[in-house]
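User: Take me through this model feature by feature. For each one, tell me how to read it, then show me the case here.

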Amino acid sequence: MNLTGRTILITGGSSGIGLAFALKFAELGNEVIVTGRRRAVLDEVKAKHPKLHTIQSDAADLAQIAALAVRVKADFPKLDVLMNNAGIMLHKNLTAPAADPAGLMAEMNINVGGVIGMTSAFIDILTANKGTVINTSSALAFVPMPSAPIYSASKAAIHSYTQSLRFQLEKTGVEVIELMPPAVKTDLAADIAEGDVFNLMTTDELVKQSFASLKAGAL
């Protein structure tokens, strides 16, 4: 992947992995737009990192995705990288009926629906600009964590979807990359205790290793 001279949109870019990647891309001289659901958090990010463009948008809301696509295509016609990073992880007990059945789909709506919706909304401009799609899945796509069964399943779905997307876009000039992080020290993993089972990687180390792989052309 070419790491410079790009115009990059990162969902869930106001914290954690998304923000770490946004700052690294910006450091390399790219134009970077980040989205998130929380306006106050985005305002803090903008105040601290004025070079980043911030837009409030919920990746689980198809109407907001459509509005975001119209705005970004108008304001950033050179957009050539989409990083689908927004996601949530919930710990679920599957041994009893859910008190909130609708809540069972929250992770699927944002972790899977958001990726599919965003990719579809931006595929035309990415194709026109011979761009790149980066989908954030997880090591849990391959070895699920039983306490987070729906999250793990959502990331397995993203792994499968990304493989098919890469195949379909093979002749368009759009490269498709899958980022598969281990457990990382972010708000999402705040309730995971380090110890004999988990060693949490820092976002700095994840960025260091990932950008080395991206520079080498890994997909």
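**Pocket, sheet and single residues**

Analyst: Start with a pocket. β6 (175-179) and α6 (203-215) each supply at least two residues of the lining of the second largest pocket. Helices (H or I, at least four residues) and strands (E, at least two) are DSSP runs, numbered from the N terminus. This is a predicted model, in which local features need pLDDT of at least 70 and side-chain atom pairs count only at pLDDT 80 or more, while totals for chains, interfaces and linings use all residues. Residues are numbered from 1 along each chain as its sequence is written, and side-chain values use heavy atoms, with hydrogens and water left out.

User: How is a pocket defined, and what is the volume of the second largest pocket?

Analyst: On a 1 Å grid over the protein atoms alone, a pocket is an open set of points where a 1.4 Å probe fits, with protein on both sides within 12 Å along at least five of seven lines. Lining residues have an atom within 4 Å of a point. Points join across faces, edges and corners, and the volume is the space filled by probe spheres set on them. Here the volume is about 260 Å³.

User: How many residues line the second largest pocket, and which lie nearest its centre?

Analyst: The lining has 16 residues. Nearest the centre are Glu178, Leu179, Met180, Ser210 and Ser213. Helix α6 gives the most, with five residues. By class, the lining divides into 12 nonpolar, three polar and one charged. Ala, Val, Leu, Ile, Met, Phe, Trp, Tyr, Cys and Pro count as nonpolar; Asp, Glu, Lys and Arg as charged; the others, Gly among them, as polar.

User: Now the sheet. What is the order of its strands?

Analyst: Two strands pair if DSSP finds at least two bridges between them. The six strands form an open sheet in the order β3-β2-β1-β4-β5-β6, with parallel pairing. At the edges, β3 (53-56) and β6 each pair on one side only. Neighbouring strands are turned by 15° against each other on average, direction ignored. Axes here are lines fitted to C-alpha atoms, for helices over the stretch in contact, and angles run from 0 to 180 degrees between N-to-C directions.

User: Which strands does helix α2 touch?

Analyst: Contact means heavy atoms within 4.5 Å. Helix α2 (residues 39-48) packs on the sheet and touches β2 and β3. Its direction makes about 175° with that of β3.

User: Over how many bridges do β1 and β2 pair?

Analyst: Strands β1 (residues 7-10) and β2 (residues 31-36) pair in the parallel sense over four bridges. Ile8 stands opposite Val32, and Leu9 has Ile33 as its bridge partner in β2. In β4, the partner of Leu9 is Leu82; β1 and β4 share three parallel bridges. Leu82 also stands opposite Val133 in β5. Strand β5 (residues 132-136) runs parallel to β4, joined by four bridges.

User: Which way do the residues of β4 point?

Analyst: In a regular strand the side chains alternate between the two faces of the sheet. In β4 (residues 81-84), Val81 and Met83 point one way, Leu82 and Asn84 the other, and all are buried. Buried means under 20% relative accessible area, exposed over 50%, partly exposed in between (1.4 Å probe, protein chains only). Strand β2 is mostly covered too, with five of its six residues buried.

User: Is Asn85 buried or exposed?

Analyst: Asn85 is buried, at 10% relative accessible area. It is found in the loop between β4 and α4. Not counting residues up to four places away in sequence, Asn85 touches Ile10, Thr11, Gly12, Ile17, Gly18 and Thr136.

User: What does Ile158 contact?

Analyst: Ile158 is in helix α5 (residues 149-168) and is buried, at 0%. Leaving aside neighbours within four places, its contacts are Asn111, Val112, Val115, Asn135, Thr136 and Ser137.

User: Last, what is the phi of Lys130?

Analyst: Most residues other than glycine have a negative phi. Lys130 has a positive one, near 50°. Lys130 lies in the loop between α4 (106-128) and β5 and is exposed, at 54%.
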